[in-house]
Amino acid sequence: MALGVGCSAPPGRALENKTGAWRVFKPVFDPETCNRCGTCAQVCPEGCIHETEEGTFEPDLDYCKGCGICEEVCPKESIRMEKEEK
Amino acid sequence: MMEIMEGSRAVAEIVKRCRPQVISAYPITPQTHIVEALAQMVADCELDAEYITVESEFSALSACLGASAAGSRVYSATTSQGLALMFEVCFNVAGMRQPIVMTIANRSLGAPLSIWNDQQDSISLRDSGWLQFYAEDNQEIADLHMIAYRVCEDHDVLLPAFVCFDGFILSHTYEPVDLPSQEEVDAYLPAFTPYHRLDAEAPLSMGMYATPEYYMEFRYEVDRAMHRAKETFIRAGREFGEQFGRDYSAFVEGYRLDDADVALVAMGSICGTAKDAIDEMRDAGKKVGLLKIRTFRPFPGPEIAEALKSVSTVAVLDKNISLGSGGAVGTEVKAALYGSGAAVYDYIIALGGRDVRKRDIAAVVDLAEKGKGDLFYGLRTEVL
């Protein structure tokens with residue numbers, strides 16, 4: 001990404017900031033135990049948890065900052081935060 | 001046409017001729033006469049500009065930043081506490097590369113409260129990314145505004161500028177000033193062409209957030225623009241000289257320096273006093289000269305080193321103090337002369353409006369010749 005003069009950017013340019021690099025713990029989703037309630041996607045402050053074709057959920061790790069709220073709210077305990085080695 | 005006028009009036013008259021489209025400022029002593037005059041000009045339809053009245057300097061410069069981002073030529077003026085209140089916005093203006101020109105009627109900073117002159121206010125913002133020009137007299141302050149707009153708005157630069165003159169000493173003093181006509185200013189300073197601007201048809205965000213992967217590169221770009229401003233200033237100053245007969249292509253100006261053993265270094269109106277003092281010292285057989293610094297940002301380190309290469313003793317007059325270190329100008333002159341072998345002494349002088357007379361300049365030269373420096377000159381030890 002080339003810098004814009006004066007810290008300027010056209011609409012949508014923030015997508016190029018892959019904030020997933022900030023993450024220490026990453027959420028690991030278990031589709032086997034997921035009851036497809038979608039609470040994780042609703043509470044994700046980054047809006048980066050999406051429904052899959054099977055109706056379960058998965059995070060977009062490009063933007064997931066690893067806050068762990070999804071793990072906290074999952075009624076089936078099917079999301080686990082794992083230390084990510086980089 | 002040559003007229004006798006107050007320094008603040010000269011600034012207002014030349015700013016009017018620079019045709020700013022938006023002005024926002026908050027009145028503060030000793031800048032007040034400038035913005036009073038401009039407000040009157042706008043009210044009287046002599047100047048076709050939007051004059052935005054605000055409740056503080058923070059809002060004034062914020063309004064200027066928005067107007068500049070929208071593509072307008074913008075002007076403001078402030079001093080001292082007002083500039084301090086603009087601190088945050090100053091960094092944003094430079095980072096967003098908006099070429100705002102702002103007059104600083106230099107004044108000390110509280111506490112203790114003082115309305116009188118020194119250069120602590122603008123010097124304290126030396127790291128903010130604004131160009132800084134210092135005027136010796138009211139002709140120079142008028143001229144530097146035209147040059148500032150030319151340099152700042154150049155697409156190689158795109159940075160804001162403080163155009164500084166000493167509060168009261170120049171702002172409230174009547175001097176002859178040769179003010180160019182509107183047509184002459186128009187010939188020198190074309191209409192502002194923004195590099196880009198806020199436009200609903202082509203949306204753009206300015207002042208974006210940058211992650212650690214990008215922040216340092218943005219700062220590097222501002223620093224590079226600051227260095228490029230040197231070339232632009234030389235060109236704009238030379239063209240000014242060709243049109244108006246007063247050449248400003250030099251960042252520094254020597255006065256009787258050629259065979260000098262001792263060189264004073266100073267910025268602003270104190271240079272006038274120093275020149276008179278030097279004439280008297282020269283008459284008495286002392287080889288003393290002056291190097292006047294006109295541009296403090298970008299700092300002309302190599303030019304200073306070149307100008308002072310055959311001088312053995314340098315005495316820097318600093319109307320500011322970086323508390324716990326020394327005078328800001330002296331610190332940078334010492335860095336510029338590192339390894340040259342010259343003895344460089346710094347003198348904190350004239351803080352809070354204390355008068356500097358010719359005999360004070362002579363006394364500083366005496367101290368430098370005796371190797372006594374890096375001190376507050378004229379300290380009244382009896383009140384300590």
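How many bridges join β9(B) to strand β11 of chain B, and do these strands run parallel or antiparallel? Four bridges join β9(B) to β11 (residues 288-293), and the two strands run antiparallel. Here strands (E, at least two residues) and helices (H or I, at least four) are DSSP runs, numbered from the N terminus, and two strands pair if DSSP finds at least two bridges between them. B:Val252 stands opposite B:Ile293 in β11(B).

The model is predicted: local features need pLDDT of at least 70, side-chain atom pairs count only at pLDDT 80 or more, and totals for chains, interfaces and linings use all residues. Residues are numbered from 1 along each chain as its sequence is written, chains are lettered from A and ligands numbered from 1 in the order in which they are written, and side-chain values use heavy atoms, with hydrogens and water left out.

In chain B, an open sheet of mixed pairing is formed by six strands in the order β9-β11-β10-β13-β14-β15. Its edge strands, β9 (252-255) and β15 (375-376) of chain B, each pair on one side only.

Between chain A and chain B, 14 residues of chain A are in contact (heavy atoms within 4.5 Å) with 19 residues of chain B. The two chains bury about 1,400 Å², 67% of it on carbon and sulfur atoms; buried area is the accessible area (1.4 Å probe) that two parts lose on being put together, summed over both. In chain A, A:Leu3, A:Val5 and A:Cys7 lose the most area to chain B, together 41% of what that side buries. The model scores ipTM 0.73 and pTM 0.93.
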